[in-house]
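Subject: Structure for you to look at

Hello,

Here is the structure I promised. Please open it and keep it beside this email as you read.

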Amino acid sequence: MSDIEKTNATGSPFEVFCVFLKLGLTSFGGPIAHLGYFHNELVLRRRWIDEATYVQLVALCQFLPGPASSQVGFSLGLLRGNGLLGGLAAWAAFTLPSALILLAFALGANAFTGPVAEGFIHGLKLVAVAVVAQAVWGMAQSLTPDGPRAAIALCALFLVVLVGNSFAQIAAIALGAVGGLWLCRGDSKTVQGALRFPVSRRGGAISLALFMGFLIAPPVIAAATGDVTVGFFDAFFRSGALVFGGGHVVLPLLQNAVVAPGLVHNQDFLAGYGLAQAVPGPLFTFAAYLGAVAVQWPNGFAGALLALVAIFLPGLLLVYGTLPYWDELRSKPGAQAAMKGANAAVVGILAAALYSPVWTSAVLSPRDFAIATAGFLLLTVWKLPSWSVVGLLALAGVASSTM
């Protein structure tokens with residue numbers, strides 16, 4: 001078989017599941033690292049897709065809200081599995097390992113008590129400080145490289161800090177897009193290549209309609225009926241629908257969605273977020289942990305499953321719906337400029353989250369500050385893998401609690 005034939009060949013959903021299960025078990029390091037794993041395994045080694053198409057697919061998934069690496073994996077499953085079943089197989093296999101690990105931790109958390117356990121949990125909170133600081137630092141360098149975008153980020157930070165609710169975050173992203181249209185039009189790029197996936201325009205339109213329906217209907221139903229389950233689904237779906245710029249941005253959205261109304265205790269939230277850095281696969285599986293530790297129904301296994309599906313669903317619906325239209329949309333300078341502004345606003349939102357709730361809930365003493373700073377330097381200067389930093393800071397938390 002020639003190289004071209006191998007690149008264009010299709011397989012089965014079972015093959016897709018097996019390949020992505022391996023990736024789900026071994027892909028540490030966050031979404032950018034995941035895209036590197038996909039490139040090595042699926043572009044270079046297995047040749048499921050050619051280099052140019054892969055680059056364009058990554059560009060699409062970074063353009064859309066949602067977990068970029070999971071959207072790329074879902075799209076590659078669509079391509080190799082020749083349809084929706086292949087995409088779902090890729091998503092399930094890549095997501096399940098980390099989701100099950102976090103679910104097991106959540107279900108066993110009540111048995112984890114005493115000074116050592118408290119120190120371990122506090123160490124995980126300090127991991128969250130280091131990881132979010134690293135995310136703010138890296139995203140600021142790549143998404144706010146000039147004065148106009150830095151100004152958009154600063155305005156977003158002030159808006160979120162002063163207003164202090166989830167509506168401020170939505171408004172910051174929307175105003176960031178408007179600011180991008182005004183300030184970031186000058187350096188739009190000419191795009192090349194084409195994306196061709198087994199998704200019809202009709203199927204794409206249905207997917208986008210479902211996205212809008214799930215975005216609008218659940219909050220209306222929850223407000224009218226008081227249905228807790230519908231409100232729970234809406235909290236996670238809305239968080240997943242508004243994540244621009246990387247997985248860590250889901251932190252402030254979820255904090256407002258589940259901690260502010262009292263669905264999840266803040267200490268449980270930060271401990272789970274710290275642990276999520278140590279597992280492979282997408283950071284969005286943190287939702288399974290939150291669903292399991294919720295203080296009221298739905299919680300446990302049912303809450304984990306509902307939260308997991310709800311937070312991933314918007315991103316998958318959006319990428320499935322956009323694939324047939326992407327070639328036309330991505331060439332428009334206005335779309336490029338709006339996304340630059342929205343991504344800059346995300347930096348400001350995440351910087352606000354670094355202060356509250358992450359910093360204010362975890363750094364309670366000079367010793368905590370020293371441990372968190374050490375974690376940040378281990379990640380950014382010495383480039384240690386995140387799972388090893390989780391282990392070191394957890395141990396530091398235990399040692400600090402017993403001194």
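**Salt bridges**

Lys-22, Glu-41, Arg-45 and Arg-46 are joined in a network of salt bridges. A salt bridge here is a side-chain nitrogen of Lys or Arg within 4 Å of a carboxyl oxygen of Asp or Glu. The background is simple: side chains of opposite charge can pair when their charged atoms come close.

A word on the source. This is a predicted model, in which local features need pLDDT of at least 70 and side-chain atom pairs count only at pLDDT 80 or more, while totals for chains, interfaces and linings use all residues. Residues are numbered from 1 along each chain as its sequence is written, and side-chain values use heavy atoms, with hydrogens and water left out.

By the salt-bridge rule, the count comes to 6. Take Glu-41 and Lys-22, whose side chains meet at 3.5 Å, N to O. This pair links distant parts of the chain: Glu-41 is in helix H3 (residues 31-45), Lys-22 is in helix H2 (residues 13-26), and they are 19 residues apart. Helices are DSSP runs of H or I with at least four residues, numbered from the N terminus.

Glu-41 is buried, at 9% relative accessible area. Lys-22 is partly exposed, at 41%. The cut-offs: buried is under 20% relative accessible area, exposed is over 50%, and partly exposed is in between (1.4 Å probe, protein chains only).

Glu-41 also meets Arg-45 in a salt bridge, at 2.6 Å, N to O. Why is the separation of Arg-45 and Glu-41 about one helical turn? Because they are 4 residues apart in helix H3. In general, an α-helix has 3.6 residues a turn, so residues three or four places apart point the same way. Arg-45 is exposed, at 52% relative accessibility.

**Helix H11**

Asp-234 is found in helix H11. Its side chain forms a salt bridge with that of Arg-238 (3.3 Å, N to O). Both residues lie in H11, 4 residues apart, about one turn of the helix. Asp-234 is buried, at 12% relative accessible area. Arg-238 is partly exposed, at 26%. Not counting residues up to four places away in sequence, Asp-234 touches Pro-218 and Pro-219. Contact means heavy atoms within 4.5 Å.

How many residues of H14 are buried? The count is 8 of its 8, so by the cut-offs above each is under 20% relative accessible area. Among them are Phe-286, Tyr-289 and Leu-290. The cover includes helix H6 (84-108), helix H12 (250-259) and helix H15 (300-322).

Val-279 sits in the loop between helix H13 (266-276) and helix H14 (286-293). Val-279 is buried, at 10% relative accessible area. Leaving aside neighbours within four places in sequence, Val-279 is in contact with Phe-28, Ser-98, Ile-101 and Leu-102. Val-279 and Ser-27 are 252 residues apart in sequence, and 8.7 Å apart in space, C-alpha to C-alpha.

**Cysteines**

Cys-184 is buried, at 6% relative accessibility. Cys-18 is partly exposed, at 37%.

Best wishes

Note on methods. Helices (H or I, at least four residues) and strands (E, at least two) are DSSP runs, numbered from the N terminus.
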